[in-house]
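Please walk me through this structure.

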There are 2 protein chains.
Amino acid sequence: MSKKKIVILGGGFSGVYTALGLEKHFKPQEASITLVNSENYFVYKPLLPEVISGAVGLTDVVSPIRRLCPRTNLVLRDVENVDLEKQVVTCSRGFKARHLEIEYDYLVLALGAKTLFSIIPGLVEHGLPFGNLADAVALRNRVIRCLAEAEIETDPEAKKKLLTFVIAGGGFSGVEVAALVNDFTRDALKNYSNMSPQAIRVVLVQSGKRILPEVEEGLAVFAQDLLRKRGMEIILGDRLAAASSEKAIFKSGMEIPTRCVVSTVPSTVPDVLEKLDCEKERGRPLTTPHLELSGQEGKVWALGDCAWITLPNGDRVPPTAQHATREGACVADNIAAHAKGGTPRVFDFGGLGKMGSLGHHSAVAEVMGVKLSGFIAWVLWRFVYLSKFPGWDRRVRIGASWFMELLFPPDMVQLSLRSQLGVNEQHLEPGEDVFEEGDLGDSVYIIKDGTCEVTRGKGDSKEVLATLGAGQVFGEMALLADAGRNATVTAAERTNLLVITKPVFDALSSNVPEFGKIFSKVASQRTEENAEG
Amino acid sequence: MSKKKIVILGGGFSGVYTALGLEKHFKPQEASITLVNSENYFVYKPLLPEVISGAVGLTDVVSPIRRLCPRTNLVLRDVENVDLEKQVVTCSRGFKARHLEIEYDYLVLALGAKTLFSIIPGLVEHGLPFGNLADAVALRNRVIRCLAEAEIETDPEAKKKLLTFVIAGGGFSGVEVAALVNDFTRDALKNYSNMSPQAIRVVLVQSGKRILPEVEEGLAVFAQDLLRKRGMEIILGDRLAAASSEKAIFKSGMEIPTRCVVSTVPSTVPDVLEKLDCEKERGRPLTTPHLELSGQEGKVWALGDCAWITLPNGDRVPPTAQHATREGACVADNIAAHAKGGTPRVFDFGGLGKMGSLGHHSAVAEVMGVKLSGFIAWVLWRFVYLSKFPGWDRRVRIGASWFMELLFPPDMVQLSLRSQLGVNEQHLEPGEDVFEEGDLGDSVYIIKDGTCEVTRGKGDSKEVLATLGAGQVFGEMALLADAGRNATVTAAERTNLLVITKPVFDALSSNVPEFGKIFSKVASQRTEENAEG
């Protein structure tokens, strides 16, 4: 037998447990195992929401892949293309601008799912996803920033907006995130002198008739009652329709002013799988009972959240950690059976149970037919997830964090890391202001689509100066004159903007005079028009 | 007595200990205390290098200001201007594009120092500072990324470059950072199959005749010998002269190829103090013996790393934590004396001792005339810094982390957070390539200053296609054609570039046709020229 090249794409539960299984099946001389992942760690997703409250340390909820799978070569790149014909995977560039190509004999697709933002207007620009560690840190920072801004805000409407948090999706993930945001903000507000925890509004929105569709109705009702008692608002039978930097808009027409909209519904596969030419079911690659990719039997396997897997009884396998780990073991067994000669096994695992935390020492669980709720379910939840965490050091660290959480108040450190100078996008709903007269001029804008109205004055003395459409630029006057905004710009319809911040604008226009001219030409035209009008 | 408005700028040791002192001196009805800081936490700098190795958890090395100083109003903004005349501080914008103005009766300047990067070409673009938590995380990520890229790099020269780390500055901070990078990389490499710890090169550069100018010579020699025994290179009597993305260049002419240059020398004050009109000494605001700002007695105090403070004996007060905390207490006493009628006291504290960690259970210390080195000094170092950490919860958490460090191998999680789409700058030294023929086309470039040569082919068949100067653009052809680079571009002299990444270029050129034209015009000209030539 020649040395086999096995390549695993993705370092979540499914990818890592496949690698673990393969390390047991193959001796180093029998196969090289390569795992491609953009991060060098594996995220223990069941505990990820705990990062929001600081109950678990930032780096304790993840585990370095290199240590978990010592015989696996870890490639820290994004996967950009899979060529099933040539059996080559193309990865993103490193320090040098060169792609990395990796050949395979056996390929494992374990790329997970991502939140589908593009179908909801404004969600790409203003919604917060909740899938990986960076998302959890970003959400935590947003929440802390909202509290800090609320404290110094004098306008009561603006203050209310800053203290409102909207979470879309009422499954386990959404409920846990909402519960932790609710607990964390109410606890944290005790440290703020001029705000009461009653001012906090945490809204959980679920399209179905009840939250937690994963569990039996009684437990869901228990959870709903408990969360409402803790001050959370739960809205059922509605869903997010749009988001802007100022509010969340729902299908029913309801609008909630907020600076923080979270979507926890992962519903699509990564781009590289989207463009992969293979049999699919609702966008996901279809697998055989042996978890092979349909049409690529004996060469490619697919598992985890990115694959469409059904049990022999026809049920679809849910995207949970307990399933992904067992799928990983099954794929490793079947690759070994293929390479060494043996009979592959059919994946058949119905699940041991379901559980989810509700925060504040409470949870719901359905384990082997037994339903538990409240404190007992919470103890079970912590026990199960701690014992399942791969690696002893993390277990000890998390155990220690949990112990300290009992002793000390929650942590409030905002870990904001430096970001590059940027060009951003902004989505506006009709009637929302891009900026108001007197605001600081720190960006220029380009209308991608939609219409904006430029006005001056308020109430009766309000005067419309111009109406701008797609491709037009504005906001350059205040930047060029280094002054405040001399007019208000408001979206007349649903509008998408490209926002160029001042440092980028200055850098571009001082080095490419033609770029500056695009704007200065417009500026002088407008000044003339206004003088004439 | 009317209620006094006291405003503290900066949340380091000096600012936080001033707030702590003021909370003791003033009842809530006597004074409002406001502290302005861009982060909501205070960084315990003596332990910051430990974040690199993961010995201390990311958020444990910092402490939330709101909890330390419960009666102080925390404003999470940057300070943009101080008007000594009108007694008003202007802060940066929040979610809304409006400045925040804060009036004061008493003002405390405690803004700290920052690394002066602009005097060394290329350091702004390619050097890593080491001052705050974000810097520590960024350095850790860079180190981990270099190791990961080195593992999959096949070119031995490129691999060597990735495994070389240069740290400029041989004071306590530089030595601690270098020691931890040295220990961490050599430990981590045990988890990499195809690299040996001997391949690691950690270079510490110090302009003086020895490292650790803060302590007596014997201790510095001890430290030098120990660090060299652990494989670190120490270069004395030289200093950094320039940096690019490929190498560090020294005054002596020596060049070290590396992807990681760290500068630990904080040497200038923040911009807001630079433009402050007051008496200064070497750029720093000058203080009276009572720590008042010269010329603003009874209204403004200045302390910590941002101020120029001398003792009654004429010695300059060094920028250390033990001095800053005592300066804070002194300023609080003197503000209270001024407000309530009393005699201000003269700041006179000579320091208790000096100590610094050398990593791996070793340190040097000079305490009340006694010199210690090795393990005993290290135990003392840990004991002192742990006991001085404000707040019990952090002490317990750090103690627990240190205990776990004894049990488990170092942590290798790379915490990379998402960044915006960007426009970056790049500095090149003569002979360095911007890109090579065949590289991916993922950016366009604008020459800010310098000259670049466009060539095709290698060795004898190398052909110079063009020479480009300031204001010219290049790199657009590969982007517009979505192909690889069809030529190599090399800096002919010291050159600074503006780099526009593909997503930004695409967004701008698809929405502002004139912007795209700037580049497409150039592209078609070049194609013609090449066809003709």
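In chain B, strand 2 (residues 31-36) and strand 5 pair in the parallel sense over four bridges. Two strands count as paired if DSSP finds at least two bridges between them. Strands themselves are DSSP runs (E, at least two residues), and helices are runs too (H or I, at least four residues); both are numbered from the N terminus.

A word on the model and its numbering. This is a predicted model, in which local features need pLDDT of at least 70 and side-chain atom pairs count only at pLDDT 80 or more, while totals for chains, interfaces and linings use all residues. Residues are numbered from 1 along each chain as its sequence is written, and chains are lettered from A and ligands numbered from 1 in the order in which they are written.

Back to chain B. Axes here are lines fitted to C-alpha atoms, for helices over the stretch in contact, and angles run from 0 to 180 degrees between N-to-C directions. Contact means that the C-beta atoms of two residues, placed from the backbone, lie within 7 Å.

Now look at strand 9 (residues 106-109) of chain B. Which way do its residues point? B:Tyr106 and B:Val108 point one way, B:Leu107 and B:Leu109 the other way, and all are buried. In a regular strand the side chains alternate between the two faces of the sheet. A residue is buried if 20 or more other C-beta atoms lie within 10 Å of its own, exposed if 12 or fewer, and partly exposed in between; the C-beta atoms are placed from the backbone. Strand 9 of chain B pairs in the parallel sense with strand 1 (residues 4-9) of chain B over four bridges. There, B:Ile6 stands opposite B:Tyr106. Strand 9 of chain B also pairs with strand 22 (residues 300-302) of chain B, again in the parallel sense, over three bridges. B:Leu109 has B:Ala302 as its bridge partner in strand 22 of chain B.

Turn to chain A. Chain A has 15 helices and 33 strands. Its C-alpha atoms fill a box of roughly 85 × 55 × 40 Å, taken along the principal axes. Of its 533 residues, 49% count as buried.

One sheet of chain A has another pattern of pairing. Four strands form an open sheet in the order 26-33-28-31, and the pairing is antiparallel. Strand 26 (423-428) and strand 31 (473-474) of chain A stand at the edges with a single partner strand each, so one side of each has no neighbour in the sheet. Six bridges join strand 26 of chain A to strand 33 (residues 495-501) of chain A. Among the facing residues, A:His427 stands opposite A:Asn496. Helix 14 (residues 502-511) of chain A lies across strand 26, strand 28 (443-449) and strand 33 of chain A, and runs at about 65° to strand 33.

Next, a single residue. Is A:Leu291 buried or exposed? A:Leu291 counts as buried, because 28 C-beta neighbours lie inside 10 Å. A:Leu291 is found in the loop between strand 21 (284-285) and strand 22 (300-302) of chain A. Beyond its neighbours within four places in sequence, A:Leu291 has contacts that include A:Trp301, A:Ile309, A:Val331 and A:Phe347.

Two helices of chain A also meet. Helix 1 (residues 13-25) and helix 10 (residues 321-340) of chain A pack at an angle of about 35°, with their axes 7 Å apart.

Last, the two chains touch. The contact takes 71 residues from chain B and 71 residues from chain A. Helix 5 (residues 133-152) of chain B gives the most to the side of chain B that touches chain A, with nine residues.
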